[in-house]
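Hi,

Here is the structure I promised to pass on. Have a look at it first, and my notes on what turned up follow below.

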Amino acid sequence: MSLNENHLSIDIAIEGMSCASCVDTIEKAIRKVPNTTTVSVNLSTERAHIELKQQTSSDSIIDAVVKAGYKAHIIASDDMFKKTLDTSQSHTSIIISALLSLPLVIPMVLDIFGLHVNLPGYVQLILATPVQFYFGASFYHSAWKAIKNRTGNMDLLVAIGTSSAFVLSIYLMLQGHPHLYFEASSVVITLVLLGKWLEKRAKRQTTEAIRALQQLRPETARVKRLDQEFDIPIHEVKVDDDVVVRPGERIPVDAVIMEGNSHVDESMMTGESDPVNKMAGNKVIGGSVNIDGMLLVKTVAVGAESTLSRIIRLVEDAQTAKPEIQRLVDKVSAVFVPVVIVIALMTLLAWGVYSANWEQAILNAVAVLVIACPCALGLATPTAIMAGTGVAARHGILIKDAHALELAHGITHVVFDKTGTLTEGKPKLLAYKSVDGNDASLLALAASIEQNSLHPLAKAVVDQLLATGSSPVKATEVRDLAGRGLHGKVNDAVIYVGNQRWMDELEVSIEQHKAVASEYKDAGHTVSWVAQGDGIATPLVLGVLAFGDQIKSSAKDAVQALHQKGVQTLLLTGDNSVSAARVAEAIGIDQVLSEQTPESKAASIAALSQKDAVIAMVGDGINDAPALAAANVSFAMSTGTDVAMHTADITLMHSDPSLVADTIDISRRTYSKIKQNLFWAFIYNLIGIPLAAMGLLSPVIAGAAMAFSSVSVVTNALMLSRWRPARSLKQ
């Protein structure tokens, strides 16, 4: 049980579901538990996610599922898919069932070639009985649960259909009739068991992303305590523990590097294939691979709070949640089985009364019941959702829920924040010009003062000086004046570094450099001034500094990719209009909304929303959170703040805006697979049921078609696993 912002949530594993009707039965049972607000049962993962108004005993949830006739237990994050997708159902039972059915089928096959061979009735009975009542026992158990709950499911159809064929065969045998139908009941059960086994194997592949992420967790960590190293279980590592990571090992925890440098492979988390150079002070993600250097890291997050655990939870939640299209399917499935039973009864009566051939009437009714099993209908949507979110996660796109995936395919407008989203988010000193022509001296003086500040612009000045091979000298009496700049003493001279407003307050004359400053401003750069005085007389200007934020190399391609998909692009930023226009022009953005506040950003998003428009917002900062919440679909860069990531529907693990177009692409492909699956699921029934009712399908053929329909739906969904982001295809 986990505590969310305004409610509690419980995840449970469920055993015994066979089709979409089971899903409806379990959801109805859980909704009757007090304080339940939302229930989502997933047939593919065989688990349920329940949200509650207030804390409720998990026992009451489990009891409700058990009373509905199913097994259930609470699951923790670590074993989310270990039990729910276990394929331990032995294929041995299927083989034995097939071997027992084979002698019953051979005479039917030989009959096609004019060879009439019939096994004695008692031999057929001996072969068919264990298949019907031992290997087919699960169908009877599930059917009985459905009857007790006054609902219908796939197993009820199989149980009624095969039992009818079995009883009819016994009756005909006792009457001395040479043609019996034991092969129909036995082969149908064998085929359905085979179909379920193939389904379960295929469904395991849809959760490959989860298992791959879980396998990134090392079992142990090498912790350094009191100058000694100990290998301890990963769950015993605590925050602030020092951990030693050798070359070639997986980094066991989220941490900050204290000593050493190395290249780190973060591809499983970020989707970025190239190793990243890491050094002291850099953060590392648990589960990534330390390639070539010895590292000493300090733990900052463990267990459920680690990045890897949060990623796994996001993917799990996305695969459990239901899109709107699935809710419609569930409503159809709830009435599907009763309708099929009515059609089967009508088939029985029609053939029996009008043709007086009750033997054929029963077989046709059995065929109707068997081919109508709604397995494919229940699997059509969740398998596609699982495959789509899974392959997206492998490439650094974390989709929070199925609703976001469903909406993303219809995005019409993408609104980008500028700083940190389309630009690097790290200002650089792009130009500096002194009054006397000694630009190097200007930079050295400015850096000597700025080295005492944590401001991004100050860091840019110091970094530029260090890049020239020089180091700043020590400054004294440094003071930081918020909203203005800094001043301090260097070699007895008072140096001022700040904005134009402060220069005006100090009455510094900047006329001789105003034209240069205007040129920098027109280019969209931020301008700072450097002046020198003695603390008594009016300071004199020394020069001007120009800062800029570099546009990401992938930004232009990202915008072009969106345009190719017919999506309009907008820039929404708090920066001045000149700077915003420069970025928009450089990368080809359609529309610019500049000088925005966090509140006005949200209002701008709301104003863009109109009929048939689906607005996506991409941002990375705290100030983007209101706009992210106002958008239909929201994207956050993982390099941004936790607030933005928690607000957003989709998190991009690699700071690459081109992943937005990739998300739309995988969403469109997933939604297309859902529609294809639903088409095939319905078409099997729309064609198969009338054919069976007209006597054109035998129960055996109907059983094979039903099993094939389920497997084909899952296999079609698995085609999504071959998807690759556009940037990886170009490499």
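Strands β25 (residues 615–619) and β26 (residues 633–637) run parallel and are joined by four bridges. Within that pairing, M617 has S634 of β26 as its bridge partner. A word on terms: helices (H or I, at least four residues) and strands (E, at least two) are DSSP runs numbered from the N terminus, and two strands pair if DSSP finds at least two bridges between them.

Before going on, a caveat: this is a predicted model, where local features need pLDDT of at least 70, side-chain atom pairs count only at pLDDT 80 or more, and totals for chains, interfaces and linings use all residues. Residues are numbered from 1 along each chain as its sequence is written, and side-chain values use heavy atoms, with hydrogens and water left out.

Back to the sheet: it is open, has seven strands in the order β15-β27-β26-β25-β16-β23-β24, and its pairing is mixed. At the edges sit β15 (397–399) and β24 (591–593), each pairing on one side only. On average, neighbouring strands here are turned by 20° against each other, direction ignored.

Helix α24 lies across β15, β16 (413–416), β25, β26 and β27 (650–652), and runs at about 135° to β27. (Axes are lines fitted to C-alpha atoms, for helices over the stretch in contact, with angles from 0 to 180 degrees between N-to-C directions; contact means heavy atoms within 4.5 Å.) This helix (residues 658–693) has 36 residues and reaches 53 Å from its first C-alpha to its last, close to the 52 Å expected at 1.5 Å a residue. The expected span is 1.5 Å times one less than the number of residues. Just after α24, G695 takes a positive phi of about 80°.

**A hairpin and its neighbour**

Strands β6 (residues 220–225) and β7 (residues 228–233) are antiparallel, with six bridges joining them. Their hairpin has two residues between the strands, and L226 takes a positive phi near 55° there. β6 also pairs with strand β8 (residues 242–245), again antiparallel, over three bridges.

**Aromatics**

Searching the whole structure gives six aromatic pairs. One is Y134 with F135, edge-to-face at 5.0 Å centre to centre and 80° between the planes. (Rings of Phe, Tyr and Trp, its six-membered ring, pair if their centres lie within 6.5 Å; planes under 30 degrees apart are stacked, over 60 edge-to-face, the rest tilted.) Y134 is exposed at 62% relative accessibility, whereas F135 is buried at 12%. Here buried means under 20% relative accessible area, exposed over 50%, and partly exposed in between (1.4 Å probe, protein chains only).

F166 and F182 are also edge-to-face, with ring centres 5.4 Å apart and planes at 70°. That pair links distant parts of the chain, F166 in helix α6 (residues 154–174) and F182 in helix α7 (residues 182–206), 16 residues apart.

**One buried serine, and the totals**

S448 is in helix α15 (residues 439–450) and counts as buried because its relative accessibility is 2%. Leaving aside neighbours within four places in sequence, S448 is in contact with P472, V473, A475 and V490.

Overall, the protein has 26 helices and 27 strands, and 52% of its 731 residues count as buried.

Cheers
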